[in-house]
Amino acid sequence: MTMNSVLTKQTVYGAQFSAILDRLPGHGLVWVDRLRERAMEQFLELGFPTTRLENWKYTDVSPIRRIAFQPIADRVSPPLPETLRLQIEAYAAPRLVFVNGKVDPELSNRAPLRLLSLSEALADPEQAKVVETHLGQYVSTSDHAFAAWNTAFFTDGAFVVIPRGIVVKQPVNLVFVSVEIGEPRACHPRNLVIAREGSQVTFVEVFLGAGAYLTNTVTEIIAEPEAVIDYYKIEGESAYSFHTGAVQAHLDRSACLTSRSISFGGALVRNDLNVALDGEGSHCTLNGLFAAGSGRLVDNHTHIDHRKPHASSRELYKGLLAGDATGVFNGAITVREDAQKADAVQHSKNLLLSERAQINTKPQFEIRANDVRCVHGATVGQIDEDAIFYLKSRGVGEDEARRILIRAFAAEILDDLRVPALRDQMERLFTNWVQSALEAA
Amino acid sequence: MLRIRNLFASIDGKQILRGLNLDVHAGEVHAIMGPNGSGKSTFAQVLAGRDIYEVVAGELTFDGRSLLAMSPEIRAREGIFLAFQYPIEIPGVSNLYFLRSAVNAVRAHRGLPELDAVDFMSLAKEQAAGLGIDDAMLKRSLNEGFSGGEKKRNEILQLKLLDPRLAILDETDSGLDIDALKIVADGINAMRSPERAIIVVTHYQRLLNYVVPDHVHVLVGGRIVRSGGKELALELEHRGYSWLEAEQKAVV
Ligand SMILES: Nc1ncnc2c1ncn2[C@@H]1O[C@H](COP(=O)(O)OP(=O)(O)OP(=O)(O)O)[C@@H](O)[C@H]1O
Ligand SMILES: [Mg+2]
């Protein structure tokens, strides 16, 4: 792709932006318009990343660059395929459902919480003040084109605030559905989750869809002192879709974030997950499972920034790659000068189901404090044929033996899902994925 | 039941079995002994259908049907069981889940209904108790972190649950302390029956004191160089293998 055509595409988005700005949520609030305009400038300046950038070395987004995605400004409610409907229903209330970037009041079921969508919050002067304090304060738009694009174009998303000391028992489900309607469209969900001091919440982001589209999502998570957040990201986009997602979490003193990221879908998927351990004694656990078959690329970039002393992080990402799929895991860990007693453990484990599948896995440590413990390990392997023979020698059939061993590889992540309904759902998705990977082999 | 004629098998072009002959009938217990590297495990794995070994020549039949084209899982379902010298560790698969998959695969082949988790659990617990295997071990990942003795007892548990017609036990006695040896030997003896044949591969007379064989064979250089009754094992205990290896060289 030449510089010129890149510029042309950018111009397309520049023109789109001017055309729809006044229909985007929060328009008229000076700070929102400024935030969007500033992000738009950054997006145009940055352009789509190329593989010359270290952070995008293995992930060529030219399939995204080549398409002029149409924006979504107004609510369009296409009829949803039955399979999507069933999948949405699998996530119980409280649930917010967004269809093509806009909250869908019929599919949503907010009881017993008073969940707001971001557009609703922006329309309420009281809530808008809270949003203003946080929105766009954590995620970086100066070096991440997709996050900038989202900040300029976001249409809606969830605005979740858990008041001080409150423990929310039910998981909060946020379901994002994209359905192709005519031309390829880009959907930019934007979420803001704030857990006030000492509160506890589990929230689940689910991405589903049908047809060809791009979901470019940004989530900002704020954990105040001693807040406990369990965050699930289930990426189950359609096989013809693109998914780029950035999550930026900010943890204060003794706050705890557990993230579980599961990626099953999408032709090209890039997940960025950044956590700032910005309070003494804060802790994050980042677990991930990504499974990709032929023609797919899944890239997980994580960054844990140890900023304050006595913070700890645990990370385990498991990649399962079949056919000619490509997987990327890049786990960056920064330990700042005064983040003494940092304790960071990172593991990347990968299973290649075919000789054409690839994984690029890389730890990236930058340690500027001296009293720290950092451990990392990466493995890449194939199915153990001795184990297959062992199972077969007990009467277990070839396919079943492979299924058992692939499931065993994912066990550390799947068995650790704490929401029963979610675990069942993931089990089904996983079983289907394995079945199609074996059939394709 | 098992008939082997002039069996030649190799791995990576290296000949391991060189003209092995053996007949095993229902109800019999055979012991196979022989020096390290003589091909005992190779023989056991070839019987179970391990495909890294190439059967270059010979006949291998089970109830009159050739095993050579039969996959390992079909052999297992038809009633052949191999207790591994080195059982494989499989993290992430619970022992119980594995056992149930195996038992149900074999039952389906025999036209029996599947056992559900509850029924299977009580069956497995009952058999496990007799082998000193506790619930925790049933729930742990298959063989992962099991001690040598625990792995061997777990093999015997599988033997009991799968109820094969031909069992090959490859050094199931090695690595066992006295008590565990007794437990395992009792487990094997309990499996002796007129319908079943058992082949034990061992280096030691001490197992054969408990599991008394009908026939003893000595494998050297990939073929059986001597067969006899249970006294042959005692003779080997005293004289070692060198005299047989020497005879072997003289013949070749
Ligand atoms: N995968 C392999 N590649 C090359 N050689 C092999 C392989 N497996 C076995 N062998 C060789 O085959 C020969 C027979 O091995 P086998 O394991 O059958 O012996 P064994 O009689 O069971 O010995 P032990 O008493 O030590 O268990 C040995 O020389 C061994 O090194
Ligand atoms: Mg051996």
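Is Cys284(A) buried or exposed? Cys284(A) is buried, at 0% relative accessibility. Here buried means under 20% relative accessible area, exposed means over 50%, and partly exposed covers the range in between, with a 1.4 Å probe and protein chains only.

This is a predicted model, in which local features need pLDDT of at least 70 and side-chain atom pairs count only at pLDDT 80 or more, while totals for chains, interfaces and linings use all residues. Residues are numbered from 1 along each chain as its sequence is written, chains are lettered from A and ligands numbered from 1 in the order in which they are written, and side-chain values use heavy atoms, with hydrogens and water left out.

**Cysteines**

A disulfide is a covalent bond between the sulfur atoms of two cysteines; the criterion used here is a pair of cysteine sulfur atoms within 2.5 Å. Over all chains the structure holds 0 disulfides. For Cys284(A), the closest cysteine sulfur belongs to Cys256(A) and is 8.4 Å away, which is too far for a bond. Cys374(A) has its closest cysteine sulfur in Cys284(A), and at 12 Å that too is too far for a bond. Cys374(A) is partly exposed, with a relative accessible area of 25%.

**Ligand 1**

A residue counts as near a molecule or strand if one of its heavy atoms lies within 4 Å of it. Ligand 1 has 16 residues around it, and Gly37(B), Lys40(B), Ser41(B), Thr42(B) and His203(B) come nearest. By type, this shell divides into 4 nonpolar, 8 polar and 4 charged residues. In that division Ala, Val, Leu, Ile, Met, Phe, Trp, Tyr, Cys and Pro count as nonpolar, Asp, Glu, Lys and Arg as charged, and the others, Gly among them, as polar.

Helices (H or I, at least four residues) and strands (E, at least two) are DSSP runs, numbered from the N terminus. In chain B, β2 (14-24) and α1 (40-48) each supply at least two residues of the shell around ligand 1. The largest share, 3 residues, comes from α1(B).

A polar contact is a pair of N or O atoms within 3.5 Å; within protein, one must be able to donate a hydrogen and the other to accept it, and residues adjacent in sequence count only if both atoms are side-chain atoms.

| Residue | Protein atom | Distance to an oxygen atom of ligand 1 |
|---|---|---|
| Ser38(B) | polar backbone atom | 3.2 Å |
| Thr42(B) | N or O atom in the side chain | 2.6 Å |
| Gln85(B) | polar side-chain atom | 3.1 Å |

The protein covers 68% of the 630 Å² of accessible area that ligand 1 has on its own, by the Shrake-Rupley method with a 1.4 Å probe.

Ser41(B) is partly exposed at 23% relative accessibility, whereas Gln85(B) is buried at 15%.

Helix α8 (residues 385-392) of chain A is largely enclosed by the rest of the structure, because 6 of its 8 residues are buried. Among them are Ile388(A), Phe389(A) and Leu391(A). Asp384(A) caps the N-terminal end of α8(A), with a side-chain oxygen 2.9 Å from the backbone nitrogen of Asp386(A).

Arg196(A) lies in the loop between β7 (190-195) and β8 (200-210) of chain A and is partly exposed at 22% relative accessibility. The C-alpha atoms of Arg196(A) and Pro163(A) are separated by 5.3 Å, although the two are 33 residues apart along the chain.

**Backbone details**

Most residues other than glycine have a negative phi, and most peptide bonds are trans. The peptide bond from Ala93(A) to Pro94(A) is cis, with omega near -5°, and Pro94(A) lies in the loop between α4 (82-89) and β1 (95-99) of chain A. The bond from Ala111(A) to Pro112(A) is also cis, with omega near 0°.

In chain B, Asn6(B) has a positive phi of about 50° and is found in strand β1 (residues 2-11). Asp63(B) has a positive phi of about 55° and lies in the loop between β4 (54-62) and β5 (65-66).
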